[in-house]
Amino acid sequence: MRKSGILMAVSSIPSAYGMGAFSKEAYRFVDFLQEAGQKLWQILPLGPTGYGDSPYQSFSTFAGNPYYIDLEKLIEEGLLTKEEVEGSDFGSHPEYVDYERIYQSRFKILRKAFERFQSVVRPAYSEFLRDNAEWLEDYALYMAVKDSFEGHSWLEWDKDIKLRKEEAMAHYKEELKDEIAFYCFQQYEFKKQWLDLKSYANQKGIQIVGDIPIYVALDSADTWANKELFRLDGEGIPTLVAGCPPDGFSRTGQLWGNPLYNWEYHKSTGYKWWIKRLRHCYELYDIVRIDHFRGFDEYYAIPFGDKTAEFGHWEKGPGYDIFDTMKRTLGDKPVIAEDLGFLTDSVIELVKKTGFPGMKVLQFAFDPREESNYLPHTYIKNCVVYTGTHDNDTTRSWYGQMDSASRDYADRYLNITDKEHVTKEFVRAALASVADTAIIPMQDYLELGSEARMNTPSTLGDNWKWRMKKEVCSMELARSIRELSRLYGR
């Protein structure tokens, strides 16, 4: 079935109190999606973020970001007062997230809610703790210990707790029990509120496309608590880390720094940890987009300590075996394979064998020097087309910066005559294509420029900040999106 959707991070919703949340504005956005005739809402990873604020470098692959907890719901539940919330400084810019202010204020206000929450026995909370103990206990302890070491990575902790010695674990669990409970409370509120929002979306005919990074962060509960899963030495130091080689995004490559998997160990367990991770994802999302899918075929390994990604090498990944195991264990779950970049024959074969739809990005299509499989006339039905992703500039800004030969090629291919509303022609091309699924970043429906770019790879400090203005999701915009989607059978 042909369908379309919109890509927008939860953080970009124009909620009160500094950044997007599971708030009434999020529910209104779902209503907007329904009015616009959309069937999908694609979001970015929901995990708790640290240095750099990237959702792709999370403190846990299982935990949720406490920034997304709707404070107004906590007011309704009697856990906070309106005066307490409004007396906090979450930043005041309507179009950008001020992460520093959010960090300094959000945990203080959540702690007040937690203190009141503890005063009542709650069977649902006890059930949550029991059902999620397998990952939650390690995560909450990790965050509490991390706080006690002033936020430093676990690699810089005292050796006994860094290496999870039994006496040290018992000591910190007792000494930090209140802090541990505080982090458990955050996860309870996050999951309860998110599943309510997801349920509302599903009732409106909207499926959630969740995005999971292939790798976990080095500074994470996952790595600290499961060292055997990764290529680390006896002290927990990585021997090799993840990234990708020099390409069009970066001449020195991208040094992500994530620990690489010990795939032999994963295979010996029947990919138990991966199955657990994916099962958790399908609790939170309807469809899972796996970032950097080619890493399952071959992955780029960079010596730990290198300053750039220039001197890495390729190694073989688990290939189809992990997906065969996934299908036998979880059933035939919907996946989008992020197969962008230079693709070898073996990557192409892997995507084909899984049956998962790959991705097409129009911003990669218009190089007049060579035939591109990102041009719409080359698509197969089983793919997902985007004008751009979270790593691309907005289409309007990108078009304005194209070299003249590429722009002329795009103009001729798309028959562009209205340069003022050029984004609309790229959106039209995506929706008109044979691809079963088309997903458009919200910034492109709003025809925004580079001020609304979400992420510039290999840079720090100015990413993940864009917020949508209030009231821009008008009925007029919803109508135009719905009419265009219906015109092309979506």
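I call a residue buried under 20% relative accessible area, exposed over 50% and partly exposed in between, with a 1.4 Å probe and protein chains only. This is a predicted model, where local features need pLDDT of at least 70, side-chain atom pairs count only at pLDDT 80 or more, and totals for chains, interfaces and linings use all residues. Residues are numbered from 1 along each chain as its sequence is written, and side-chain values use heavy atoms, without hydrogens and water.

**Cysteines.** I looked up Cys281 and found it buried, at 3% relative accessible area. Cys184 is buried too, at 10%. Counting cysteine sulfur pairs within 2.5 Å as disulfides, I got 0 disulfides.

**Core.** A nonpolar core here is a set of buried Ala, Val, Leu, Ile, Met, Phe, Trp, Tyr and Cys residues joined through side-chain atoms within 4.5 Å. The largest one has 160 residues, and Phe366 and Trp274 are among those touching the most other members. Helix H9 (residues 177-203) gives the most to this core, with 10 residues; helices are DSSP runs of H or I, at least four residues, numbered from the N terminus.

I then checked Phe366 for contacts (heavy atoms within 4.5 Å). Beyond its neighbours within four places in sequence, its partners include Leu375, Trp398, Tyr413 and Phe426.

**Helix pair.** Which residues of H6 meet H8? I found Leu141, Val145 and Ser148 in H6 against Met169, Tyr172 and Lys173 in H8.

Notes. Helix = DSSP H or I, 4+ residues; strand = E, 2+ residues; numbered from the N terminus.
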